[in-house]
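Colleague: I've got a new structure to look at, and I'd like to learn how to read it. Could you walk me through some features?

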Amino acid sequence: MEHPENDELYKGLKVNKGVADVPTVNPYLKKRLQRKEYTAAEFVEGILKGNITIVSQAVTLVESAKYEHQQIAQEIIEKCLPHAGKSIRLGITGVPGAGKSTSIDSFGLHVLKKGHKLAVLAIDPSSERSKGSILGDKTRMEALSRKKNAFIRPSPSAGSLGGVARKTRETIVLCEAAGFDTIFVETVGVGQSETAVHSMVDFFLLIQLAGTGDELQGIKRGIMEMADGIVINKADGDNIDKAKLAAAQFRNALHLFPAPASGWTPKVLTYSGYYNLGIEEVWDMIYEYIAFVKANGYFDYKRNEQAKYWMYESIHETLRDTFYHNPAVEKMLKPTEQQVLNNEISSFVAAKRMMDLFLENLSCREEKH
């Protein structure tokens, strides 16, 4: 008996039959989650039409580490390449807390008002422990994320290139093919990532703060030399005088550096991202720079140098991956590492042994084929 309490022995006590548990997962969810599998040609067609959903899915393929995804992604990029290269690429960097996301929100709205289409590629730092990312940039760009002609794509840095997603350059190609004529690439902050971002953008903007007490200490020579323009954020209220003083200090510091290869003299401006003050002037500077480098031929020269740089970066990465995924190397790496730790062999001898093993293993496999 299901409920013994309903027995004759227990007169006056009645237990009703319970209600069956409702499934916690919506039974219709599976049907809705099944995405259509697109071919490379269908992806390209959707991208060229500016279909944001298909652009997003293509970027996911580009970022995927799966071999089959990479094959489709490379085919898509190859077909999109003739339609790319017609945008202005802007790199934005600055110390954490400098107001990069707020500034991008303000800069982006200004661009959209001028009738442009904007793609924001925000690099989110991945956790060294969990390898996960919050990907919260979209929430900090409230106004921009609601606009029709804006595409915001946070990407996990996945520990590559010091914080810049390895596939950002390929994502730029997809966005340009989709008709986005202005691309923002935001970095996670001051570090190695700036070098990588500088090698994929036309204009490199450094956002600084005034009133923090370390205006000149905050200048990192490498970052300063890369910057095509420096802007002091939060120049509003009581902070205006401090911002002007910081701008003067940065201008003086810039004179100490050698002239950039572009022939352009970097400018230092003040603005307020929160109150939308001075945004027009910042964009006037960017457009002035683009016109200047296009006139003297540096724009095309830099783009060609960047293409060459990324070819070699890809070669280095492929070689590294091939080395570490080689079965013979995988088998001997840990024992060799232990020999180094036990002071049995030096690091250099260990490295040479591993390289010799790798090359020997490669030649053996070639002979078999």
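**Reading the model, feature by feature**

Modeller: Let's begin with a loop: Asn343 is found between helix 14 (327–341) and helix 15. Keep in mind throughout that this is a predicted model.

Colleague: What is the phi of Asn343 near?

Modeller: The general idea is that most residues other than glycine have a negative phi. Here, Asn343 has a positive phi, near 60°. Asn343 counts as exposed because its relative accessibility is 69%, and the cut-off for exposed is over 50%.

Colleague: Where is Lys234, the other residue on my list?

Modeller: Lys234 sits in the loop that runs between strand 6 (229–233) and helix 11 (240–254). Its phi is positive too, about 65°, although Lys234 is not a glycine. With a relative accessible area of 37%, Lys234 is partly exposed.

Colleague: Let's go inside. Which residues have the most contacts inside the largest nonpolar core?

Modeller: In soluble globular proteins, nonpolar side chains tend to be buried together. In this model the largest such core has 49 residues, and those with the most contacts inside it are Ile47, Ile76, Leu174, Ile230 and Ile232. Take Ile76: leaving out residues up to four places away in sequence, it touches Ala40, Phe43, Val44, Ile47, Leu61 and Leu174. Apart from that core lies another, of 33 residues, with Ile152, Tyr289, Tyr298 and Phe299 among them.

Colleague: And which residues does Ala177 touch?

Modeller: Ala177 belongs to helix 8 (residues 168–177). Not counting residues up to four places away in sequence, Ala177 touches Ile47, Leu48, Cys80, His83 and Ala84. The C-alpha atoms of Ala177 and Ala84 are 4.9 Å apart, although 93 residues separate them along the chain. Ala177 counts as buried because its relative accessibility is 7%, and the cut-off is under 20%.

Colleague: How many disulfides does the structure hold?

Modeller: A disulfide is a covalent bond between the sulfur atoms of two cysteines. This structure holds 0 disulfides. Cys80 is buried, with a relative accessible area of 0%, and Cys175 is buried, also at 0%.

Colleague: How many aromatic pairs are there?

Modeller: A pair of aromatic rings is described by the distance of the centres and the angle of the planes. The structure holds 13 aromatic pairs. One of them joins Phe323 and Phe358 edge-to-face, with 5.2 Å centre to centre and 70° between the planes. This pair links distant parts of the chain: Phe323 lies in helix 13 (residues 298–324) and Phe358 in helix 15 (residues 347–368), 35 residues apart. Both Phe323 and Phe358 are buried. Elsewhere, ring pairs join Phe203, Trp264, Tyr289 and Phe292 into a cluster.

Colleague: Which rings have the charged end of a Lys sitting over them?

Modeller: Look at Phe180: the charged end of Lys117 sits over its ring, 4.6 Å from the centre. Then there is Phe299, whose ring has the charged end of Lys294 over it, 4.9 Å from the centre.

Colleague: Last one: is Arg153 buried or exposed?

Modeller: Arg153 is buried, because its relative accessible area is 14% and the cut-off is under 20%. Arg153 is part of strand 3 (residues 150–156). Its side chain makes a polar contact with the side chain of Thr60, at 3.1 Å. A polar atom of the Arg153 side chain also lies 3.2 Å from the backbone oxygen of Ser56. Residues that Arg153 touches include Val59, Glu63, Val120, Leu121 and Ala122.

Notes
Residues numbered from 1 in each chain as written. Predicted model: local features only at pLDDT ≥ 70, side-chain atom pairs only at ≥ 80, totals over all residues. Heavy atoms only, no water. Core = buried A, V, L, I, M, F, W, Y, C linked by side-chain atoms within 4.5 Å. Buried < 20%, exposed > 50% of the residue type's maximum accessible area, 1.4 Å probe, protein only. Contact = heavy atoms within 4.5 Å. Phe/Tyr/Trp six-rings, centres within 6.5 Å; stacked < 30°, edge-to-face > 60°. Helix = DSSP H or I, 4+ residues; strand = E, 2+ residues; numbered from the N terminus. Lys NZ or Arg CZ within 6 Å of the ring centre and 35° of its normal. Polar contact = N/O pair within 3.5 Å; in protein donor to acceptor, adjacent residues only side chain to side chain. Disulfide = S-S within 2.5 Å.
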